[in-house]
Amino acid sequence: MTSHPERASAAGHADTVRTGRRGVRRTIAAYVALTKPRVLELLLVSTIPVMFLAAQGLPNLWLVLATVIGGSLSAGSAASFNMYLDRDIDRVMKRTQNRPLVTGEVTPRETLIFSWVLAVVQAVWLLAFTNVLTAFLSSFAIFFYVVIYTMLLKRHTEQNIVWGGIAGCFPVLIGWTAVTNSLAWAPFVLFVLVFLWTPPHYWPLSMKYAGDYDETDVPMLGATRSGAQVGLQVVLYAWATVACSLLLIPVAQMGLVYSACAVVFGGWFIYESHRMYTMSVRAEAGVERGSEARPMRVFHASITYLTLVFLAVAVDPLLPF
């Protein structure tokens, strides 16, 4: 028969093992959080469809996987560097107070090492499984996001997201070069499309969190301008985005599926942008008391729009019309 002290010892050992497992899981989760996993969705949305377009059909599936892995490591590195550099303002902003550096689950030193490891591994990986041009573009995207956007632009100009958003356009070029080892006009059109899409995507989010940006003195347009002024900018960029999407039709000889999707979904995106602007103007004029611009409606609509348009980019080359 087992004595009470032995049972207590066994129970204590089991608790220690469970605690250790929870600790390992939390540590892994913290490092994953440093890579901003939700941002990786944009990588998949803009990289894989372009590979279908570049191949004019079904690309090599191993190449797709290798490119996505390398691109994910690259995006994760940039995001981790960003958290390291922005850890001071992340402590102040409500929407970022649960990030690993703020909660203390990882240290700044660990984050910096992790960022550099991902940066080196992604370059080596893409060099090994794609080509030099793809590895260079991926590495340059990290440099642009970390140095140009996070260090130079973000805290100094309300146009930060306009030019800093260029880093988010690189997956389009990376997907194309992974297949062709060259560049052409078609990926540059899509590059500009994502560039023009980024402000009307992000500015509505900055309107919702304007108070956070005010507290941290980050001059995001959604916090520095009135709702009507931001709404007007969103409308202008939405129109420019849709116009650019239509430019791809003659440049890449796109078929009926892409053409129809670009027109229909683009019209919907423009409608949502105009709606936010109109509601903002009415609210500021006091025409409709209690009315709200609902900027997050445009934020979510922009994600759906880009996803559907790039899905059409992937499907179109597979069809004979």
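1. Two residues are in contact when they have heavy atoms within 4.5 Å of each other. In this predicted model, Leu53 touches Trp176, Leu190, Met254, Val313 and Pro317, leaving aside residues up to four places away in sequence.

2. Leu53 sits in helix α2, which covers residues 40–55. Its relative accessibility is 3%, and buried means under 20%, so Leu53 counts as buried. The C-alpha atom of Leu53 is separated by 9.5 Å from that of Gly175, although the two residues are 122 residues apart along the chain.

3. Helix α3 (residues 61–85) and helix α7 (residues 132–153) have axes that come within 9 Å and cross at roughly 20°. Angles under 35 degrees count as roughly parallel, and α3 and α7 are therefore roughly parallel to each other. Their crossing is right-handed.

4. On the α3 side, the residues that meet α7 are Gly70, Ser74, Ser77, Ala78, Phe81, Asn82 and Leu85. The α7 side contributes Ser138, Ile142, Tyr145, Val146, Thr150 and Met151. By type, the residues of this contact are 7 nonpolar, 6 polar and no charged.

5. Most residues other than glycine have a negative phi. Gln56, in the loop between α2 and α3, has a positive phi of about 55° although it is not a glycine. With 52% relative accessibility, Gln56 counts as exposed.

6. Gln253 is placed in the loop between α13 (227–251) and α14 (256–285). Its phi is also positive, near 55°, in a residue other than glycine. Gln253 has a relative accessible area of 72% and is exposed.

How values were computed
Residues are numbered from 1 along each chain as its sequence is written. This is a predicted model: local features need pLDDT of at least 70, side-chain atom pairs count only at pLDDT 80 or more; totals for chains, interfaces and linings use all residues. Side-chain values use heavy atoms; hydrogens and water are left out. Axes are lines fitted to C-alpha atoms, for helices over the stretch in contact, and angles run from 0 to 180 degrees between N-to-C directions. Helices (H or I, at least four residues) and strands (E, at least two) are DSSP runs, numbered from the N terminus. Angles under 35 degrees count as roughly parallel, over 145 as roughly antiparallel, 65 to 115 as roughly perpendicular and the rest as oblique. A crossing is left-handed if the near helix is turned anticlockwise from the far one by less than a right angle, and right-handed if clockwise. Ala, Val, Leu, Ile, Met, Phe, Trp, Tyr, Cys and Pro count as nonpolar, Asp, Glu, Lys and Arg as charged, and the others, Gly among them, as polar. Buried means under 20% relative accessible area, exposed over 50%, partly exposed in between (1.4 Å probe, protein chains only).
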